[in-house]
Amino acid sequence: MRLQYPSDIKIIFVPCTGKVDVLHILRAFEKGADGVCVVGCLEGDCHFISGNFRARKRVEQVQKILDTIGIGGERAQMYNLSSGEGPRFAQFAIEMDERIRKLGPNPMKLAKKKAA
Amino acid sequence: MVNHPRYIDPVKCTGCGECAMHCPVAAINEINKGLDDRRAAYIEYPQAVPLAYAIDFDACIGCGLCENMCMAKAIKYDDTERETAVKVGSVILSTGSQAYDPSDLDYLGYGKYPNVVTSEGFERILCAGGPYLGHVMRPLDREEPKSIAWLQCIGSRDINRCGNGYCSSVCCMYAIKEAMIAKEHIHADVDCAIFNMDMRTFGKDYEKYFLRARDNEDIRFVKARAHTITEIPETGDLILQYADEAGQMKEEIFSMVVLSVGLKIPDSSVDLARRLRIELNKYNFVNTGSFTPVATSRPGIYTCGVFQGPKDIPGSITEASAAACLAGTDVAEARGEDIEVIEIPEEMDVTKEEPRIGVFVCNCGINIGGIVDVTSVQEYAGTLPYVVFTDQNLFTCSQDTQDKIKEIVIEHKLNRVVVASCTPKTHEGMFMDTLEACGLNKYLFEMANIRNQCSWVHPNNPTAATEKSKDLVRMAVARVATLKSLHEKKIPVNQRALIIGGGVAGMNAALSLADQGFPVTIVEKEEKLGGMANRLTTTIEGADVEIYLEELIQKVTSHPQVEVLPRSLIVNFSGFQGNFTTEILVGPGMYERKIDHGVVILATGAVEYRPKEFLYGQDQRVVTQIELSERLKEKGAQDLNRVVMIQCIGSRNKENPNCSKVCCQSAIKNALHIKKLQPDAQIFILYRDIRTYGFLEDYYTEARKLGVLFFRFNSEDPPVVESSEAGVMVTFKDNILDRSLRVSADLLALSSGMVAEDTEELASIVKLARTEDGYFMEDHVKLKPVDMATEGIFVCGTAHSPKLLPESIAQALAAASRATTYLSKDQLTLSAVTAWVNPELCASCLICVRSCPYGVPVINEDGISEIDEALCHGCGVCAAECPAKAIELNWYEDNQILSKVDALLEGVL
């Protein structure tokens, strides 16, 4: 379909969103990522039964941590779609990009600059 | 066989789509039902296999643009029709169906009013890949509809206008589904109404879906068949005229009307059947027998799917496996003869070597190279750690490039490979084979998808696309450096099958495996084989169940490969695919026996529900349908002048919301039998929806012709039954007269549903998932209807859900077929992508045990979590949940995933 979406979104493949660890998401923020979204199968349609529900819980946990440490929970998001829904993926990507642009860069970057 | 020309060589075509992009011709897009157009060089839909383009020669103007654009040189204007001959031992006809074309039904206005679409068209409108990209819009003005009506039975159950007397079986469910999705996609309130004669949601758990639609989603179900549709020219809205259940004329306005078109057999299939000399029924579906559901009239030729009869996806898939079972049995002796063995060189041990990475960047014709600066990506790759070789190719996937890669791997002593090209979904396996062919472990490989994720989606910003390509290559190189060699473990297979339940399903599964040479053990809890079928007399088609059962039992008990253990009980179960051990208490002495086997087939069956309703057990004149058939066989019907039947006993109620599927036809079968014996007998059938799906509809029509009277009642307003000397007094409401009627019946037959056999203990011993109502739960409702979630365990017959005898037999053959895919191999190859535990880190906290969706991890004797790689599905949930980080998933170890995160964000802070 070749639907366009912002080029600052990069994809890391995992076998199931149930494999995405809280630590993986936090590491991205630690290294300066402005946002992370976890994209899994539709709820109730997980290839591995329930991985996407666990992923949602973990994203919620990450959001709390990010809120506490001042990075902002909104920067982590969970999305669900089926493999036949290219347009929805593009829509999510655009949505995420807009959200992050509104929030501005990861505060870690500013802190680092100040420190330097 | 005749192979029609495609004019594009599917082997050379890379699916890049340049031809279609430059084709100047517009043609009607059939897959989107004419709601948009496509090019003359086209691919039918994005999921097509092979993903190769073709030219529609009727539309092509021969301009030659595509030939100029195609860098793979795949265009072949002079392609011709070819004839090929294949020598085979058996044939399966699975040519499928065609949707009924409602153009001839002028009162519906299809083709005249743009906002009247078929259900197929609406399906495309809902689809994200459809003409409106998933936005629900009316074809006329691309406005979101405010109200949509579905009209059921268009081209089905219609002997008046189109001659299709059968029920298409699938339309009620798809109409509900379409209405539910429309509600989900249209954010404003949309009124969805389904106009039907009967809602036929008879499949496994389908009734619950119907209830959800009605009670939670406010979808309206109107009992009516619309007779006229007219358009309001100013708005494009449609006026629907119909008579309601009381016979009152009604009118409603909708923004859109969807015609739920039925399934029919295309003329090409009729023609094929004639050439193959296969008998068809009067509706052009293949004639099959009650006890031979997938065999055609000609030995060696089988059929499945809708060509056999209207059915849904799970039914088609089940039959496909059943047909494969019989086709395979015919040629079982020759199994494996034509297999080509590929020689794989011995693997090099690279564990101690430092990574030496080769990066191959693909231009994909101009698909990547037209946007991304491939040379700069290649140069950039050369600067990355451990990269010792880089190259770029026009098509990295072409055969000559594969050969070149093999030479390069050996020449440069590469021990890791990255290909930056297209999607791993289509090409990963091929590149991994190439690695294997030069002695490199195939898991030391990574792809960067710079086509689908860069050039295709950022075509207007080549700089950004190039930068992103570099990022993806850097991430891929970082990950490949961390990868380890992995090996797929091979395990031996015990060729015995254990079948739990010796009814019709279990025995059929046993026989088809035994006929292929596999030893089978049947465990039956009763003294006698046959199960529920012992109580059945004939099928609705008139086939004698008793004779069939007797022959079947005879075949099973005399088969040298089949062992039957009657009055036996399963007490313990362990092992994994190909290697199970079951402990059984064998009757009558109940001595213990251990059986090793490779697969399990569950065929525990179901029983007739014993009614608590309507004086059953209190008044002798109240019987169940099975009891009535037995009575008709023994005593006839001379003393029956008036019989009442009540449907949905023990089904579609609070305790059991599901439909039992078989009771409507049981009632009609018995009604026809009584009419045959006693033509003057009055028969009243009180029903909620008559669910005579498929060809069963013909018997419903016949019953009405013979004067059997049908009255619909609501579940809130059920009939009232009283006992009196004169007869069983039944009071119910007649909707047309709008008043109560009372009938004094000689006999009241209760159409009681099915209840799954009690398998609670078995399910806990073998660890099997069951539905709320006790039926075994298959791995995937649609795509894996006979596989259980645990590999090597299959289910069939009424243990899966209520079904008729032919359907049970088909499912039994299907389970045998699926079992054969294990038993026919000496060894099973396990996936290498499985989880493992580092015992030093494990704190035995049980989190993995609780989080695994398949119940695989166990705490072993040393108090440490252990994951059996033969049982692991490789999802990685345990690894993510493990608080001590003691679990890793092969190929997706934490440092392997984090290497990508780190590489992506390198230098950001």
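Chain B has 22 helices and 46 strands. The model is a predicted one. Chain A comes to 4 helices and 2 strands, and 35 of its residues are in contact with 35 residues of chain B.

**Overall dimensions**

- The C-alpha trace of chain B spans about 100 × 80 × 60 Å along its principal axes.
- For the 909 residues of chain B, a compact globule would have a radius of gyration near 29 Å, and the 31 Å of chain B agrees with this.
- Chain A spans about 45 × 30 × 20 Å along its principal axes, again for the C-alpha trace.
- Read along the sequence, the elements of chain A follow the pattern α-β-α-β-α-α.
- Chain A has a radius of gyration of 15 Å, close to the 13 Å that the globule rule gives for 116 residues, so chain A is as compact as a globular protein of that length.

**Contact between the chains**

- The contact between the chains involves 35 residues of chain B and 35 residues of chain A.
- On the side of chain B that touches chain A, at least two residues each come from α12 (462-482), α21 (877-881) and α22 (894-904) of chain B.
- Helix α22(B) supplies the largest share of that side, 7 residues.
- By class, the side of chain B that touches chain A has 22 nonpolar, 8 polar and 5 charged residues.

**Antiparallel sheet β27-β28-β29 of chain B**

- Three strands of chain B form an open sheet in the order β27-β28-β29, with antiparallel pairing.
- Strands β27 (569-576) and β29 (591-597) of chain B stand at the edges with a single partner strand each, so one side of each has no neighbour in the sheet.
- From one strand to the next, the twist averages 15°.
- Strand β28 (residues 579-586) of chain B pairs with β29(B) in the antiparallel sense over 7 bridges.
- B:Leu585 has B:Glu592 in β29(B) as its bridge partner.
- B:Pro588 lies in the loop between β28 and β29 of chain B, and the peptide bond from B:Gly587 to B:Pro588 is cis, with omega near -5°.

**Parallel sheet β32-β39-β33-β34-β35 of chain B**

- An open sheet of 5 strands in chain B has the order β32-β39-β33-β34-β35, with parallel pairing.
- Its edge strands, β32 (622-624) and β35 (709-712) of chain B, each pair on one side only.
- Neighbouring strands of this sheet are turned against each other by 25° on average, direction ignored.
- Strand β34 (residues 682-687) of chain B runs parallel to β35(B), and 4 bridges join the two.
- The bridge partner of B:Ile685 in β35(B) is B:Phe710.
- Helix α15 (residues 625-635) of chain B packs on the sheet and touches β32 and β39 (747-752) of chain B. The direction of α15(B) makes about 95° with that of β32(B).

**β-α-β crossovers in chain B**

- Strand β19 (residues 357-362) and strand β20 (residues 387-393) of chain B pair in the parallel sense over 6 bridges.
- B:Phe360 stands opposite B:Asp391 in β20(B).
- Helix α8 (residues 374-382) of chain B carries the chain from β19(B) to β20(B) in a right-handed β-α-β crossover.
- Strands β25 (residues 520-523) and β26 (residues 562-565) of chain B run parallel and are joined by 4 bridges.
- B:Thr521 has B:Glu563 in β26(B) as its bridge partner.
- From β25(B) the chain crosses through helix α14 (residues 545-558) of chain B to β26(B), and this β-α-β crossover is right-handed.

**Helix packing in chain B**

- The axes of helix α3 (residues 119-126) and helix α4 (residues 171-185) of chain B come within 11 Å and cross at roughly 30°.
- The crossing of α3(B) and α4(B) is left-handed.
- From α3(B), the contact is made by B:Ser119, B:Phe122, B:Glu123 and B:Leu126. Residues of α4(B) in the contact include B:Cys171, B:Tyr174, B:Ile181 and B:His185.
- The residues of this contact divide into 7 nonpolar, 2 polar and 2 charged.

**Backbone detail**

- B:Cys153 has a positive phi of about 60° although B:Cys153 is not a glycine.
- B:Cys153 lies in strand β10 (residues 147-154) of chain B.

Methods
Residues numbered from 1 in each chain as written. Chains lettered and ligands numbered in written order. Predicted model: local features only at pLDDT ≥ 70, side-chain atom pairs only at ≥ 80, totals over all residues. Pairing = 2+ DSSP bridges. Axes fitted to C-alpha atoms, helices over the stretch in contact; angles between N-to-C directions. Right-handed = clockwise from strand over helix to strand, strands pointing away. Contact = placed C-beta atoms within 7 Å. Nonpolar A, V, L, I, M, F, W, Y, C, P; charged D, E, K, R; others polar. Left-handed = near helix turned anticlockwise from the far one by under 90°. Rg over C-alpha atoms; globule rule 2.2 N^0.38 Å.
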